[in-house]
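Consider the backbone and the charged side chains of the chain shown here. The text below takes them in turn.

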Amino acid sequence: MVVHDISKIVLDENFEAKRSAGQESISFRDVSDFLRRHLIRIGICGVIGLALGAFYILNTAPTFTATVRLVIDPEQGRIASQDASTGTIIIEAAEIASEVEIVKSEAIARAVIEQLDLTNDPEIVGGGVSIRGMIGSLFSSGAKNSDDDKADDEYLMRRTMAAFLSRVTVRRVGQSYVLEIGYSSTDPRKAAKTANAIAGAYIRTGMNERSDAARSGAKWLESRLIEVGAQARAAAMTVEEFRAKNDITTVGTASTLDQQQLSELSSQMLAARAATAAESAKLMTLQQLMSKDTMIASVSDSLDNPQIQKLNEEMRLASAKLDNLKIRYDSGNPAIVAAEADIARLDASLRNEFLRIEQFYKSNVEIAKTREKLLESELASLTAAGAGKNVARVELSEMESRATTYRNMYEGILQQLIGALQKQSFPLGKARIVTAATAPLGKTWPKPSTIMPFSLMFGLATGLMLSVLRDGLDRRVSSSERLRAELGITSLGHVPMFRGSPRPHQPPIASTMLPLRSVLDMPYSRFSEALRGVKNSVDSAFPANATAVIGVTSVGPGEGKTTIAANLAQLYMNEGTSVLLVDADFVGSRLSRVTTEDGAGFGMESLRILGIAGQYSRRRSEAPQHVDDFDGKAVRCVPVLTVDQTRKAAVAHQRYGHLPALKSELELLRQRYKVIIVDMSGFEDSADTRVICTYLDGIVVVLGQSDKMTVERLGEALATFGKSRVALLGVISNRSDGPRRTNIRWDRKQWRKFRK
């Protein structure tokens, strides 16, 4: 048997909720169902949003925005940098952002406000009295002094600047040097005039700042020039005094006199040493030639000497003559002897000439050595004389360097002063106007093309948010998914509210009991079809051909449990199932009152109308089986076990003996009836119901006010059973439309036609 254990539901409530929440997923069908449920609310919010947008458009004064464009000169503005890779001038974004903030600064705003006298403009400051002024007037003593007037003027200016700046927009056009300044106003001409005034104030402010900076810079440069000039003059005088004191004479701008003499002596010394070495080399070469037996006629000096050249020529001729004679004559011939004697004479002459040249070379070497010694002595004396001036020269060099530095500083400051004076006389602005502002042709706000879609989306979003909040905060048990997810309880169905008309010629009091037999009057109504679905769900919880004792209860009173129990019993009876209806509502006893002939003023006429029998009899033969309907047809009636019969079966001295008596009666009735339906009180208010539920095979909880019943209340009510082993078949949402199905809804006239 598929039932739910209440103790398990109560104990594992949090676990089941967490598990179901972890496994829950949202599908497209869930979203579509959500939108279908809340379509009206979302649509109404969308319409309200459109209405608010239209109301705003109709009641908002049009605003016009005039724009003026000005370009910033990167050279004059000093906000340019050079790209190392391309070499092009690029403008820094941070500097442009700084210029944007300067345009929106209070200094520019104050200048424009004073120029256009905007403190008296009602569009900006308004025409009413401020709250601060009203409070001040209440606590003021009467007359105002000058300090109060100044404070009020400053407050008015601050408030005007705040309102003025809220209408100003400044943006950079792309990546260019162009800034676009806009001003919004209800008057297009005023907007254009104010935008041009802002641009002019910005340009004038920049020029004034440059002029002031140049003026202050020139004043500082002038004072600095005087100071540096005095320092340069003092440094130059110190250099000259030190040079005179240490006898350091400067020749030109390169060196001193002693340094120049030392340099010249050094050069002469090197030349003398070179000359000595050259003369010594010539002498040595000549001596080596003279030491040989044969004279070499290729000596450079001999070539330059005409005498040697002549002797060499004669020697060549004599040698040629001798060779010719030796060919013609024999040795010892007088001609050959004479020729040899002539050659010997010429050789002796050459040797004598070389000896003379050797003596000349020796004389030159001695002269060179003497000159070298003289230069060495002069250089040594000059070096010794200038050694004491080296330290003075170092100090002098430092003094000259300091004096040169002061002179360069003086010249640099002088050039800067000349440039500053030029800028002061002719200041250059860092921006210029490219396009002046003109009166705009169309309004910029409010725009219906922007406001209406936004209002619609805002309304729809608000409706969607309210719907989500309603579903999220809604803790009612009207949803079967919420019951299953949070409490693990199955919903047996949704039973709509009974809507019927009283029969003619019936007692007025009996008309209030018509819902107890609605399945007989309208067998194919939505109420009957829904209750038949509940019956099928209940039957599926029990095995076939098994006896079932089913209890019908509710959380509190007035939820329609008696109506559900009576109609459910009539469904079983009309399907041929032996059924018994037990009234276990010892608090209300509604079934017992309507089935007793003399109880509550109801007679047999009321019993016929209701379609249920009188009191149940222990003897089968005494139990009524039929009752006549108004149409003259016999219908079977449901026997009822009343609360009076249960109390009579209880032990007399036991105050709560009706509970054991009911348990015994149910055990006996299981043998005679296949289905026993027990109508009980609400278990939230009656302790008897909690005990009776333990006698039953399953219970059904009727929720007649599911729109008001929360999950927490139902969980707390179920928790009152404690750990009792009670089989909960599910819940029935009574008086609820629930998910509608396509069916045939017949009224009373159609049903009568069908029966005929």
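Predicted model: local features only at pLDDT ≥ 70, side-chain atom pairs only at ≥ 80, totals over all residues.

Most residues other than glycine have a negative phi, and most peptide bonds are trans. Against that background, the peptide bond from Trp445 to Pro446 is cis, with omega near 0°. Pro446 sits in the loop that runs between β9 (431-435) and α17 (448-473).

Two non-glycine residues with positive phi can be described next. Asn545 has phi near 60° and belongs to the loop between α20 (526-539) and β11 (548-554). Its relative accessible area is 71%, so Asn545 is exposed. Ser589 has a phi of about 55°, and its place is the loop between β12 (579-584) and α22 (590-595). Ser589 is buried, at a relative accessible area of 11%.

How many salt bridges are there? The count comes to 21. In one of them, Arg158 pairs with Glu106, with 2.7 Å between the closest N and O atoms. Because Arg158 lies in helix α10 (residues 146-165) and Glu106 in helix α7 (residues 106-116), the pair ties together parts that are 52 residues apart in sequence. Arg158 is partly exposed at 41% relative accessibility, and Glu106 is partly exposed at 36%.

Other pairs lie within a helix. Arg402 and Glu398 form a salt bridge at 3.5 Å; they are four residues apart in helix α16 (residues 390-425), so about one helical turn separates them. Arg532 and Glu529 also meet in a salt bridge, 3.5 Å from N to O, and are three residues apart in helix α20.

Finally, salt bridges link Asp121, Glu123, Arg167 and Lys190 in a network.

Technical notes: Residues numbered from 1 in each chain as written. Heavy atoms only, no water. Buried < 20%, exposed > 50% of the residue type's maximum accessible area, 1.4 Å probe, protein only. Salt bridge = Lys/Arg side-chain N within 4 Å of Asp/Glu carboxyl O.
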